Amino acid sequence: MSVLRALCGRPALQLCRMFSSTSLPTLTLFTKDPCPLCDEAKELLQPFKHRFILQQVDISLPENRQWWDKYKWDIPVFHLNGQYLMKHGVDAALLDKLLQDIEKKNM
């Protein structure tokens, strides 16, 4: 019973806050609707989804005109923490390596 109390009480909450203070990297997906290649790419990201925050940018919206001009022939395009990462699909090995590098820095 004391183990449950310890896990559910204030010390555990403080421990959770300490670990959650390290923010996850942001993976930005430049997409539009419809985009079958983007849908496929999102499926390939599923094993990694707990390791980043996915932000989607619809390049067909008027406010995203700069991204439309840049990526209209290349989606899906991905940026990791604001830096270009890959286009046309998911390179799972590259993504895993870069996420591992970020995770090591946050330890």
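Colleague: What relative accessibility does Asp69 have?
Modeller: Asp69 has 43% and counts as partly exposed; buried means under 20% relative accessible area, exposed over 50%, and partly exposed in between, with a 1.4 Å probe and protein chains only. This is a predicted model, where local features need pLDDT of at least 70 and side-chain atom pairs count only at pLDDT 80 or more, while totals for chains, interfaces and linings use all residues. Residues are numbered from 1 along each chain as its sequence is written, and side-chain values use heavy atoms, leaving out hydrogens and water.

Colleague: Which residue forms a salt bridge with Asp69?
Modeller: Arg65, with the closest N and O atoms 3.0 Å apart. A salt bridge here is a side-chain nitrogen of Lys or Arg within 4 Å of a carboxyl oxygen of Asp or Glu. Arg65 is exposed, at 54% relative accessible area.

Colleague: Why are Asp69 and Arg65 separated by about one helical turn?
Modeller: Because they are four residues apart in helix H4, residues 65–71. Helices (H or I, at least four residues) and strands (E, at least two) are DSSP runs, numbered from the N terminus.

Colleague: How many salt bridges does the structure hold?
Modeller: Six. One of them joins Glu103 to Arg51, with the closest N and O atoms 2.7 Å apart. That pair links distant parts of the chain, 52 residues apart: Glu103 is in helix H5, and Arg51 in the loop between H3 and strand E2 (53–58).

Colleague: Changing topic, which residues touch the most others in the largest nonpolar core?
Modeller: Leu27, Leu45, Phe78, Leu85 and Leu95, out of 14 residues. Such a core is a set of buried Ala, Val, Leu, Ile, Met, Phe, Trp, Tyr and Cys residues joined through side-chain atoms within 4.5 Å.

Colleague: What does H5 give to this core?
Modeller: Three residues, the most given to this core. A second, separate core has eight residues, including Phe30 and Ile75.

Colleague: And His79, buried or exposed?
Modeller: Buried, with a relative accessible area of 7%. His79 lies in strand E3, and a polar contact of 2.7 Å joins its side chain to that of Tyr71. A polar contact is a pair of N or O atoms within 3.5 Å; within protein, one must be able to donate a hydrogen and the other to accept it, and residues adjacent in sequence count only if both atoms are side-chain atoms.

Colleague: How many bridges join E3 to E4?
Modeller: Four, between residues 77–80 and 83–87, and the strands run antiparallel. Phe78 stands opposite Met86 in E4.

How values were computed. Two strands pair if DSSP finds at least two bridges between them.
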